[in-house]
Amino acid sequence: MNNANAWEFPWLQNLLESLQRSQNDGTLAHAYIISGARGLGKEQIAIAIAAFLTCEAPNPQGQGPCGECKGCRLNATGNHPDVLLLAPKEPGKALTVDLIRKLSDYVHVSSHAGGARVAVLASAHKMNSSASNALLKTLEEPHESTYLFLVTDSPGLLSPTIRSRCQRITLPIPALEVSLEWMRKLCGGEFDEALATSCLKAAGGSPLLAMAMLTDESLPSRQALERAFVACLTGIATPESLLASLMLAEPITAIEQILSTTAHYAKLMLDTNQQADDGAIDTAVLGGLVSNATWAQFIAQISAVDADENTRRRALLGNRLVRLYDEIEKARRQIGSPTNPNTKLLLESLCWLTSRALK
Ligand SMILES: [Zn+2]
């Protein structure tokens, strides 16, 4: 997905066109912060901007690079000498001052092709303070035809001085229908709209994340575990059948999944705003992605006509789920500890606790 072209993301098209028009008008700024939630295509849009900035014959109406010139051919292979992509050396690690020095040296050299020179800094919020100071110097001396894009999902972690030196591009969360339509096109004939909608909800509306979930090969086994867990919780199935499902997955992954399910239902039960809307129960569960009819039925059975009594029953369930959450969390810590715990025994006891949790 990282190699996907941002022009093919319908939620970014207007933004790309308006940026390219700014380039044509000569009003494009020299430094931008590109922010927005994960899975919206922040790096892809930075690369798409770099591509039209370094195209020798960009489309005058602002609809992308020509795709044929030498610059475009170099960009297609990721080898354009006037486009620099920088990221932490390992995912999650800091952006160090030596990388930023590389960037400063780079922007001081004039363009190879005589056109624009572009640098993209991924995970920009990972700059440590010396890196941040070094970048500030570069920002204070902008070079003509040099463009810098700082990509981040946490712009608040950038220093205020850096933020004040950059223009902002905030990627929007697309409307559900826009994302669904895009996912439908990518999936072709085998599109499951209900499941895609669940994935989108679980991904907070980010289409790239939702697509990764939808095409994740482990999805069917995660759905099966979700069903087994809720069946045990609501007394439909035995602890033994939940144990069988848990044993099929890697223990920590399985436990994290039932943790997020438990947290989700506890929140639904305790959040008074949700109480008028039992339909909310039938939404995606993070990690599990199941519209859980079993849980909805269970809640319908125990619901009372009297509103106060209903609130009381839901609060009781919510608190029991919170206690179960704590037990699962404890088991997760034990299984993850280096003391060589008996995983099967811990899972067995967890299944038994699950079957008793709401009684
Ligand atoms: Zn071109």
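This is a predicted model: local features need pLDDT of at least 70, side-chain atom pairs count only at pLDDT 80 or more; totals for chains, interfaces and linings use all residues.
Is Ser145 buried, partly exposed or exposed? Ser145 is partly exposed, because its relative accessible area is 30%, and the cut-offs are under 20% for buried, over 50% for exposed and in between for partly exposed (1.4 Å probe, protein chains only).

Residues are numbered from 1 along each chain as its sequence is written, and side-chain values use heavy atoms, with hydrogens and water left out.

**View 1. Here's the whole protein chain before we zoom in.** You can follow 15 helices and 5 strands along the protein chain; these are DSSP runs (helices: H or I, at least four residues; strands: E, at least two), numbered from the N terminus. The C-alpha trace spans about 75 × 45 × 40 Å along its principal axes. The protein chain has 359 residues, and 46% of them count as buried. Now take the contacts (heavy atoms within 4.5 Å) between residues at least 6 apart in sequence: 72% of these join residues at least 24 apart.

**View 2. Four cysteines hold on to a zinc ion.** The protein donors here are the SG atoms of Cys55, Cys66, Cys69 and Cys72, 2.2 to 2.3 Å from the zinc ion. To count as a donor, an N, O or S atom has to be within 2.8 Å of the metal (3.2 Å for Na, K and Ca); water is not among the atoms, so sites may look incomplete. What arrangement do the 4 donor atoms make around the zinc ion? It's tetrahedral, because the donor atoms subtend angles of 105 to 118°. For four donors, that label requires all angles to lie between 85 and 135 degrees. Along the chain, the donors follow the spacing C-x10-C-x2-C-x2-C. Cys55 sits in the loop between α2 (42-53) and α3 (70-76), while Cys72 is in helix α3, so this pair ties together parts that are 17 residues apart in sequence. Both Cys55 and Cys72 are buried, and Cys69 counts as buried too, at 11% relative accessibility.

**View 3. Three aromatic rings gather around Trp182.** Ring pairs link Phe9, Trp11 and Trp182 into a cluster. Rings of Phe, Tyr and Trp (its six-membered ring) pair if their centres lie within 6.5 Å; planes under 30 degrees apart are stacked, over 60 edge-to-face and the rest tilted. The structure holds 4 aromatic pairs. One of them is Phe9 with Trp182, an edge-to-face pair at 5.7 Å centre to centre and 90° between the planes. This pair links distant parts of the chain: Phe9 is in the segment before α1 (13-25) and Trp182 is in helix α7 (residues 176-187), 173 residues apart. Phe9 counts as buried at 1% relative accessibility, and Trp182 is buried with a relative accessible area of 8%. Trp11 and Trp182 have ring centres 5.1 Å apart and planes at 85°, so they are an edge-to-face pair as well. They are 171 residues apart, with Trp11 in the segment before α1 and Trp182 in helix α7. Trp11 counts as buried at 8% relative accessibility.

**View 4. Helix α8 is mostly covered.** Of its 10 residues, 7 are buried. They are Leu195, Ala196, Thr197, Ser198, Cys199, Leu200 and Ala202. What do the buried residues of α8 pack against? Their partners are α7, α9 (207-214) and α10 (219-233). Pick out Thr197, in helix α8 (residues 193-202): Thr197 is buried, with a relative accessible area of 16%. Leaving aside residues up to four places away in sequence, Thr197 touches Leu176 and Leu180.

**View 5. Two serines have a positive phi.** Ser123 has a phi of about 50° although it is not a glycine. Ser123 sits in the loop between β3 (117-121) and α5 (129-140) and counts as partly exposed at 26% relative accessibility. Ser145, back from the opening question, has a positive phi of about 65° and is not a glycine either. Look for Ser145 in the loop between α5 and β4 (146-152).

Methods: Four donors count as tetrahedral if all angles lie between 85 and 135 degrees; four count as square planar and six as octahedral if opposite donors are over 155 degrees apart and all others between 65 and 115; anything else is irregular.
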